[in-house]
Amino acid sequence: MNDDIRTPTRRRLLGFAAAIALTATPLIAWQNPAQASEAAQRIADHFSSVRSMSGEFVQFGPRGEQTGGKFFLQRPGKIRFNYEAPSNFKVISDGKSVVILNSKMRTSDLYPLSKTPLKLLLDERIDLTGNKVKSVTEEDDLTTIKLSDKQVFGNSTITMMFDPKTYELRQWTITDAQGKDTTVMVFNVKQGGSFAADTFKIDYKLNRELNTQKKSD
């Protein structure tokens, strides 16, 4: 892979994201989950087979804000984002819950993983034969898989983009119920490896303490 793609600058990533949005002309768009192509399922199966991965990320928020840092993923259900300075955020999923921790503001917001679109990214297997598939779009250099589960996540969706040749995950976008997008692009990704035992640990005691303090303020 070209070094310009493996280690992009922030400006290059912004340009790349814009280019995807402007030039995405689908060759095949499968709107019926039952019609999802074998190629798309192979990509999903390959991604599901990656039990762990780590790398760097750049996140683009719904208001155009840009942050980045390092991430760690372990299937099923576990992920961690360490945001670089000046951001004070950590996002951790331990397989059951997702916590958004802001050390500066001393806030800790906890959600069930099963109620967030992240669950579809972190599942044991991504099955394109079920009714969670909203669409699959195939292009020469990009395969896009859009998933939703209205009964669990309401109108939220997650859209994952893969390289159709290497089957590598390039980015994902979570669209919330209000239609606002948060996109995460990943690079310098390393597949496999093990992590420290506390990498995906959520401090539930700290969560209770911070929220009790917030209520009393």
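This is a predicted model: local features need pLDDT of at least 70, side-chain atom pairs count only at pLDDT 80 or more; totals for chains, interfaces and linings use all residues.
**Overall make-up**

The protein chain has 6 helices and 12 strands, and buried residues make up 41% of its 217 residues. Among the contacts in the protein chain with a separation of 6 or more, 52% are between residues 24 or more positions apart. The accessible surface of the chain comes to about 12200 Å², and carbon and sulfur atoms account for 51% of that surface.

**Aromatic pairs**

The structure holds 8 aromatic pairs, and two of them are described here. The partners belong to distant parts of the chain, since Phe57 lies in strand E2 (residues 52-60) and Tyr83 in strand E4 (residues 78-83), 26 residues apart. Phe57 is buried, with a relative accessible area of 1%, and Tyr83, at 14% relative accessibility, also counts as buried.

The other pair joins Phe72 and Phe195, whose ring centres are 5.7 Å apart with planes at 75°, so this pair is edge-to-face as well. Because Phe72 lies in strand E3 (residues 66-74) and Phe195 in the loop between strand E12 (181-191) and helix H6 (204-216), the pair ties together parts that are 123 residues apart in sequence. Phe72 counts as partly exposed, at 21% relative accessibility.

| Pair | Distance between ring centres | Angle between planes |
|---|---|---|
| Phe72 and Phe195 | 5.7 Å | 75° |

Phe57 and Tyr83 also belong to one aromatic cluster, which they form together with Phe81, Phe89 and Trp172.

**Helix H3**

Helix H3 (residues 38-49) has 12 residues, which at 1.5 Å a residue should span 16 Å, and the distance of 16 Å between its end C-alpha atoms agrees with this. Within H3, the residues Ala40, Gln41, Ile43, Ala44, Phe47 and Ser48 are buried. Seen down the axis of H3, these buried residues fall within an arc of 155°, so they line one face of the helix. The elements that cover the buried residues of H3 include E2, helix H4 (118-122), strand E8 (133-138), strand E9 (143-148), E10 and strand E11 (169-175). One of the buried residues of H3, Phe47, takes part in a further arrangement, in which the charged end of Arg75 sits over the ring of Phe47, 4.6 Å from its centre.

**Two individual residues**

Thr107 lies in strand E7 (residues 107-112) and is partly exposed, with a relative accessible area of 22%. When neighbours within four places in sequence are left aside, Thr107 is in contact with Ile100, Leu101, Asn102 and Leu210. The C-alpha atoms of Thr107 and Asn211 are separated by 7.2 Å, although these two residues are 104 residues apart along the chain.

Ser156 is found in the loop between helix H5 (150-153) and strand E10 (157-162). With a relative accessible area of 11%, Ser156 is buried. Leaving aside neighbours within four places in sequence, Ser156 is in contact with Pro117, Ser148, Thr175, Asp176 and Ala177.

Note on methods: Residues are numbered from 1 along each chain as its sequence is written. Side-chain values use heavy atoms; hydrogens and water are left out. Rings of Phe, Tyr and Trp (its six-membered ring) pair if their centres lie within 6.5 Å; planes under 30 degrees apart count as stacked, over 60 as edge-to-face and the rest as tilted. Helices (H or I, at least four residues) and strands (E, at least two) are DSSP runs, numbered from the N terminus. Buried means under 20% relative accessible area, exposed over 50%, partly exposed in between (1.4 Å probe, protein chains only). A charge sits over a ring if NZ of Lys or CZ of Arg is within 6 Å of the ring centre and within 35 degrees of the ring normal. Contact means heavy atoms within 4.5 Å. Accessible areas come from the Shrake-Rupley method with a 1.4 Å probe; for residues, only the protein chains shown count as cover. The expected span of a helix is 1.5 Å times one less than its number of residues. The arc is that of the directions from the helix axis to the C-beta atoms.
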